[in-house]
Amino acid sequence: MQINPLDSRINSMNNNLPIPKSLTACTILYMALLIYASLMPYDFSAEIDYKRVISHAWSHWPFNAKARISGSDIVSNLALYIPLGFLIASVYRHKSSRFLPAFITAVLAATLLSLCIELTQGITLSRTASATDWLLNTISAASGAVIGAKYGQTLWSQGTLWIRHRWDHHPLDILTLFFTLLLITDALAPFLPTILLSQIWRSVKVSHWNIIEGFAQHPWHWWLFTRVLVYMILTMLIACWNFPGRTRPMWGKAFFIAVSLALFLDFSKLLIVSRSLNLANIISSIFGAFV
């Protein structure tokens, strides 16, 4: 029976109790990003009415049956704390091999962080404390904690080994992933998703379906540098994925992947409250990928 060297390295890493510094750093960084994004623009009030803050926090749905909640709040709060729950549970699994302690620790830590953030939001001028957000964040963290407590240690070991292997043998692949991630982040920012059909329909109606009208939204050099050139670079990077092991770049597959990403990103904007689709984005992206 042959033993896979990669599996052996993973098992060896899983038997090491010290917490990887990279995992700890990612956990702290993600906590900091949540705090940073949740408290912007940091307009704290000099006068604090705690009774009003607490009363207002419990006035939202589902604690108030007559209250309404936006689809963007539901999606955002259910999504943002999944990575935190996963990371905290993964950290604890390096200390203990048991599932339940890792799960409980991750949920309690994420819930406490969310509670502190919500209470702090209550003393700002542009933010409000919400027990609904706290509840959704707890559910989100619990979902991530289940995965982290069950598979976190193994997934982190496999992921870091894969990144190290790619960095050693195909560093351009890491640049391709990073470039794609930046492209996705730029296209979907600000992250205000919705599940309300009325909001999606409004996004459809304000979208630019006329190509000439769409191109008129920006000058020619904007399209050249932000769409055509970007998708030229993306297509070349994808075509050279794992290139040393092949005889030539995969231009056809790279074109298909780049165009599919452009279509996905622009149609996804219909689900973002403050964004809309522009057909000119898709046309210029296809042209850049073709070039």
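**Entry 1: Gly152**

I began with Gly152 and looked up its contacts. Setting aside neighbours within four places in sequence, I found Gly152 in contact with Phe86, Ser90 and Ile147. I note at the outset that the model is a predicted one. Gly152 belongs to helix H7.

**Entry 2: The whole protein**

I next turned to the overall make-up. The protein has 13 helices and zero strands. Of its 291 residues, 36% count as buried. The C-alpha trace spans about 65 × 65 × 30 Å along its principal axes. I also looked at contacts between residues at least 6 apart in sequence, and 78% of these join residues at least 24 apart.

**Entry 3: The nonpolar cores**

I asked which residues touch the most other members of the largest nonpolar core. They are Tyr81, Leu84 and Leu87, in a core of 22 residues. At least two residues of this core come from each of helix H2 (21–39), helix H5 (82–93), helix H6 (99–121) and helix H7 (131–169). Apart from this core I found another one, of 15 residues, including Ala187, Tyr231, Leu234 and Ala239.

I then followed Tyr81 in particular. With neighbours within four places in sequence left aside, Tyr81 is in contact with Leu34, Ala110, Ser114, Ile117, Asn137, Ser140 and Ala141.

**Entry 4: The largest pocket**

I looked up the volume of the largest pocket and recorded about 1200 Å³. Its lining has 34 residues, and those closest to the centre are Ala37, Ser38, Ser76, Leu80 and Phe191. Two or more lining residues come from each of H2, helix H4 (71–80), H6, H7 and helix H8 (171–188). Which element gives the largest share of this lining? It is H2, with six residues. By residue class, I noted that the lining divides into 17 nonpolar, 12 polar and five charged residues.

**Entry 5: The second largest pocket**

The second largest pocket holds about 410 Å³ of space. I found 22 residues lining this pocket, and Asp186, Trp222, Arg227, Lys269 and Arg275 lie nearest its centre. The elements that each give two or more residues to this lining are H8, helix H11 (220–239) and helix H12 (251–268). The lining consists of 10 nonpolar, seven polar and five charged residues.

Ile174 lies in helix H8. I looked up its contacts, leaving aside neighbours within four places in sequence, and found Trp162, Ile163, Arg166 and Trp167. Ile174 and Arg164 are 10 residues apart in sequence, and their C-alpha atoms are 9.7 Å apart in space.

**Entry 6: Backbone exceptions**

Most residues other than glycine have a negative phi, and most peptide bonds are trans.

Where are the cis peptide bonds? One runs from Met40 to Pro41, with omega near 5°. Pro41 lies in the loop between H2 and helix H3 (50–57). Another cis bond joins Ala189 and Pro190, with omega about -5°. I placed Pro190 in the loop between H8 and helix H9 (197–206).

Tyr42 is not a glycine, yet I found that it has a positive phi of about 60°. Tyr42 is located in the loop between H2 and H3.

Conventions. Residues are numbered from 1 along each chain as its sequence is written. This is a predicted model: local features need pLDDT of at least 70, side-chain atom pairs count only at pLDDT 80 or more; totals for chains, interfaces and linings use all residues. Side-chain values use heavy atoms; hydrogens and water are left out. A nonpolar core is a set of buried Ala, Val, Leu, Ile, Met, Phe, Trp, Tyr and Cys residues joined through side-chain atoms within 4.5 Å. Buried means under 20% relative accessible area, exposed over 50%, partly exposed in between (1.4 Å probe, protein chains only). Helices (H or I, at least four residues) and strands (E, at least two) are DSSP runs, numbered from the N terminus. Contact means heavy atoms within 4.5 Å. On a 1 Å grid over the protein atoms alone, a cavity is a set of points where a 1.4 Å probe fits but cannot get out, and a pocket is an open set with protein on both sides within 12 Å along at least five of seven lines; lining residues have an atom within 4 Å of a point. Grid points are joined across faces, edges and corners, and a volume is the space filled by probe spheres set on the points. Ala, Val, Leu, Ile, Met, Phe, Trp, Tyr, Cys and Pro count as nonpolar, Asp, Glu, Lys and Arg as charged, and the others, Gly among them, as polar.
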